[in-house]
Amino acid sequence: MIAAELLSLQFMRASLGCIVASLAAWAVLSAACRRWPALALSRRACMVAQLLAVGAFLLVLAPQSERLSVMPAIELAPAQQPAAQFEAAPLDAGAQDASGDWLLRAAQAWLAVYFAGACVAVVRLGLAQRALRGLVRGATRLTDLRAHAGFGAVSTTVDVYETELAVSPMLIGVWRPVLLLPRHLRGFDVLQQQMIVAHELTHLRRNDPLWMAASIATQTALWFNPVMRELAERLTWAQELSCDQQVLEGRSQPQRQAYAAALVGQLKLQRHAFGHALAFGGFSATSLAARILLIRQGGARAIGVLRRCAVVVGFGAVFAASLALQPAFAWRLPQLTLEQAPAVMEWHAPLQHARVSSFFGVVSPLRPQGHRGIDFIARPGTPVLASADGAVVSSSDLDAGGAKYGKTIIVAHANGFNTVYAHLGSRLVAEGDIVKAGQRIGLSGATGKVTGPHLHFEVRRGGQTVNPETMLAGLAANATPHALRTRLTRTEH
């Protein structure tokens, strides 16, 4: 079905757009951090960069997102035409068919790869969480914290566990985090113990576990995007640096040096690295030097409001450009050529028992520009029939003209005619289907903006509406008195 094929193409476009948007956001964030080093401590900037990529991905997948683009659509012909009498653009049809077939196969393959990779990412996340829960199960809960030097400041709202493993002090969990401390921490100086525990409690007070959980969710959903991992590392780095700065605020230089020494000592003792947890020493030696430098310097100075606004404007420009510069995919829908059209087209009423309630062109308070079609009385569930042979070019719950038509089917016929069947209760055909005159294509209903159940029927040609009475004879003989009066009034004027 064309709708499913377009969805796979749109998903591929969303994936590529997500990578481009995240790469641009990373570039903006990196440039801003070099210009204003204090921005490296901002969790919001890192999270906004990640959410920008997620937003670009989801918005491209939204219905009718191609309206946001300023790029021309890439027209693709279906790999197999539904019938011989429907053809288009014979001059370059072969090239477009080949390109459309190649892109479609690539998009469908990528969709399969994405779901397979997402399953792997979810499994890996589950294994990591299982390993962290295993650490807690194998640890000993500390009940009397006052008996342990340096632990007296631990909040009673968080459970504290002690493990024999050489790990980093860390918070584990999201909604009710627990604090896991290694036993070797007892060998540190009391002041160092207090500052290390204060660092982890600062994470808890700032709701850093929730921020980290949101970052992990974006990485899992967009596992194919390597830039998301880089942005997630920046977020973790910002959380650690900002906690360092808050813990050391107002402390003397010797205390800062003791804190840095504790960081180095913890890194030397640490033998296990666990992801998806906030850890005091959760960074490698390559990032240790930069962290110690900030500790000794007392952190970075805060940036002003104008500079923050500049970063926000940069992110906004990236988001807008990522949407505006993405071309859409569109099928080059089959159409009957004039040479292949039958000499005389047979038209039929769209209902087996057609009774008109409103004629074409009638002006009313609801239709000041005149009625664009003909309304037929139809109870919900009445079969709606194709008026002539043709191909379905649109079958949607939301017509391109707006929500007022509700569930709508549009059929293309010979000589450039299109028929529109609106306010349907259900649709029985899909885009690309070939239909015969009198074939059941849907059931009537009351979807869209209506005052009651009925069928709205239009005939279009060349972008203009045509009076259906020129194709369907004898409608006036079976019309309501009100419809006849309004029709006569329109004729007199």
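Analyst: What follows takes a few terms in turn and shows how each one is applied here.

This is a predicted model, in which local features need pLDDT of at least 70 and side-chain atom pairs count only at pLDDT 80 or more, while totals for chains, interfaces and linings use all residues. Residues are numbered from 1 along each chain as its sequence is written, and side-chain values use heavy atoms, with hydrogens and water left out.

User: Why is Glu162 called buried, and why is Glu164 called exposed?

Analyst: Buried means under 20% relative accessible area, exposed over 50%, and partly exposed in between, with a 1.4 Å probe and protein chains only. Glu162 has 8% relative accessibility, so it counts as buried, whereas Glu164, at 65%, counts as exposed.

User: What makes Arg186 and Glu162 a salt bridge?

Analyst: The term requires a side-chain nitrogen of Lys or Arg within 4 Å of a carboxyl oxygen of Asp or Glu. The closest N and O atoms of Arg186 and Glu162 are 2.7 Å apart, and the pair forms a salt bridge. Arg186 lies in the loop between strand E6 (178-182) and helix H4 (190-205) and Glu162 in strand E4 (residues 160-163), so the pair ties together parts that are 24 residues apart in sequence. Helices (H or I, at least four residues) and strands (E, at least two) are DSSP runs, numbered from the N terminus.

User: Which residues are linked with these two in a network?

Analyst: The network of salt bridges links Glu162, Glu164, Arg183 and Arg186. Arg183, at 38% relative accessibility, counts as partly exposed.

User: How do you know that Glu458 and Arg372 form a salt bridge?

Analyst: Their closest N and O atoms are 3.9 Å apart, and the pair is a salt bridge. It links distant parts of the chain, with Glu458 in strand E18 and Arg372 in the loop between strand E10 (356-358) and strand E11 (374-377), 86 residues apart. Glu458 is buried, with a relative accessible area of 0%, while Arg372 is partly exposed at 38%.

User: What makes E14 and E15 a pair of strands?

Analyst: Two strands pair if DSSP finds at least two bridges between them. Strand E14 (residues 407-412) and strand E15 (residues 417-427) run antiparallel and are joined by five bridges, and Ile410 has Val420 in E15 as its bridge partner. The two strands form a hairpin with four residues between them, and Asn415 in the turn has a positive phi of about 60°. E15 also pairs with strand E18 (residues 454-461) in the antiparallel sense, over six bridges.

User: Which residues touch the most other members of the largest nonpolar core?

Analyst: A nonpolar core is a set of buried Ala, Val, Leu, Ile, Met, Phe, Trp, Tyr and Cys residues joined through side-chain atoms within 4.5 Å. Among the 41 residues of the largest one, Leu29, Leu39, Phe57, Phe224 and Phe315 touch the most other members. Helix H1 (2-35), helix H2 (43-61), helix H3 (93-137), helix H6 (226-248) and helix H9 (305-324) each supply at least two residues, and H1 gives the most, with 10 residues.
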